[in-house]
Amino acid sequence: MHNNLKRRIFFAALTVTCIIVIYAEIFLWSMGIFEHREVTFPQALQVVVESLTTSGYGGFSPWESDFLNYFVLIMNLTGVVLVFVAFPVFFLPSLKGALEKSPPTKVTKNDHVIICSYSTHAEVLVKELISRNQDYVIVESREEKAIALLRSGMEVMVGDPEMESTLEAAGLTHAKTVVLNSITDKNISILFSIRNIHKTVKIIAVLEDEEMAKYYKLAGADHTISPRQLIGKSLAGQVPAISIKNSIEIDSTVELIEIDIEEGSELCNQSISDAHLLDKYHLNIIGAWQDGEFKSPVPVDLVLKSKLRLLVAGDREELGKLNKKAEANIRQFSRKLVLIVGYGLSGKAAFEILKTKSIEVKVIDIQEKEGVHIVGDIRETKTLLEAGVSDASAIIITIQHDTMAIFATLLARNMNSKMHIIVRANNIGNVKKLYHAGADYVQSLATVSGRMLVSNIFEDETSLAAEKRINLVQLPAGRLSGTTLAKSDIRADRGCTILAVIRNGEKISALNPKTFEFQDQDEVIIAGTDESIRNFEEKYMD
């Protein structure tokens, strides 16, 4: 950017100088020919500059000849063009860019996290680092991207993370952790550069393919995460009625599960109080998903509409009874057909889970490859018709571009209103759009990878359900020590729920809100959205 500015300034100055010199020569010549007056070159320069800046003409005006009068008029107009057109259009943008804050090429930090480089995977991670007051820097090789990140308020520097000089400028020798977030070959190159400088710094790599983990280990990575495969397996678990265990065990008796309210079930169109969920089943209703929005706490007068999803914790037998009540009284027992759109890492992981079940699975991909049944564009109705969309009970969409996924979801919903649509979103910002398009369940790849990274960076935080829509983490009780659940009122204040306490290595899930008091060394298991967990960390974590 700086070289471009210098180039613009040079050519602008050269252009203006040429105009002044040429006009001065013309004025010098025309004064002798048309006005019969002798003028020196410096005097001609003075007249030209005064004309271009429209500040006066000295003692040489008025002129008797039409040529001089027209020529002076042309010089005036040239001055107007330079001042009001050329300067704002060609010079001012560069000047504005130069005056704006530019990303640094070196930072001075200690005990910080270095992220090489920024992508959607790092979005959740950065938010978590900020909530924990953890210093960080993003090393970005693309200057335009670095400028955009800087303008959004992020800590960023410009440089090629493969270069040892860049890593040194990022403070590698004083860093806490390095996160590798690029393509495989570049990540491996960065790994060797890091180990040449710092042998012991913790390195966490985000894998495109979990089969590459062994090569990362050989190159010196401490931890690797495979969010694409994990989210694929999780999406397969969202296919209704195929007997995939989709609950999370809190302790030997208590589980956390999401329960769908189905049309025609005993619970459908009843409120929580009318269905006696709290007094009859002795469960802890954490919250409810409705139209892609998570509500916590939920009011007792909340009506359990079709497709509403409850997040519930409790005894597994009680949860089983509630789940039966949420199922439709009359179910279709026709052969199940599940479509998988996109046969990348997530699609393959979902297929590996589903192929062991008593259902038919068809894979759709835009490219012909082994394992693909239907080759075609998911945005075209003929592709879905060929796959048998009208007979499908569920469709899992795992494609690279969210824009295509949104349209594919809208198309699939229009062609089969009863089908369960499960979608992987690559960017968090597109989750709501997918719900509006007709999806029943959406999980963000950025959310999953961000949670996995956080769990590896902070030794005091463990993600127990990184692949779920809701976050379940184990954290120190922190400033909760000395208080009770009733006094802190975590659910109403922070929007998350404490499900259990770990004290002296044992889990305690039977917590009396009024009498159970937190102690200094306690750890808590908390369920909530990523935002509500961050709210808890900001208030109670040291």
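Entry 1. I looked up Trp29 and found it partly exposed, with a relative accessibility of 49%. I note here that the model is a predicted one. I then checked Phe34, which is also partly exposed, its relative accessible area being 34%.

**Entry 2. Ring pairs.** I counted ten aromatic pairs. In one of them, the ring centres of Trp29 and Phe34 are 5.9 Å apart and the planes stand at 90 degrees; angles over 60 count as edge-to-face, so I recorded this pair as edge-to-face. I next examined Phe67 and Phe71, whose ring centres are 6.3 Å apart.

**Entry 3. Helix α3.** I located Phe67 and Phe71 in helix α3, which covers residues 66-99. The two are four residues apart, about one turn of the helix. Are they buried or exposed? I read 32% relative accessibility for Phe67, which is therefore partly exposed. Phe71 has a relative accessible area of 7%; this is under 20%, so I listed Phe71 as buried.

**Entry 4. The cluster.** I followed the ring pairs and found that they link Tyr23, Trp29, Phe34, Phe67 and Phe71 into a cluster.

**Entry 5. Charges over rings.** Which ring does Arg132 lie over? I found Arg132 over the face of Phe458, 4.2 Å from the ring centre. I also looked up Arg469, whose charged end sits over the ring of Trp289, at 4.2 Å from the centre of that ring.

Conventions:
Residues are numbered from 1 along each chain as its sequence is written. This is a predicted model: local features need pLDDT of at least 70, side-chain atom pairs count only at pLDDT 80 or more; totals for chains, interfaces and linings use all residues. Side-chain values use heavy atoms; hydrogens and water are left out. Rings of Phe, Tyr and Trp (its six-membered ring) pair if their centres lie within 6.5 Å; planes under 30 degrees apart count as stacked, over 60 as edge-to-face and the rest as tilted. Buried means under 20% relative accessible area, exposed over 50%, partly exposed in between (1.4 Å probe, protein chains only). A charge sits over a ring if NZ of Lys or CZ of Arg is within 6 Å of the ring centre and within 35 degrees of the ring normal.
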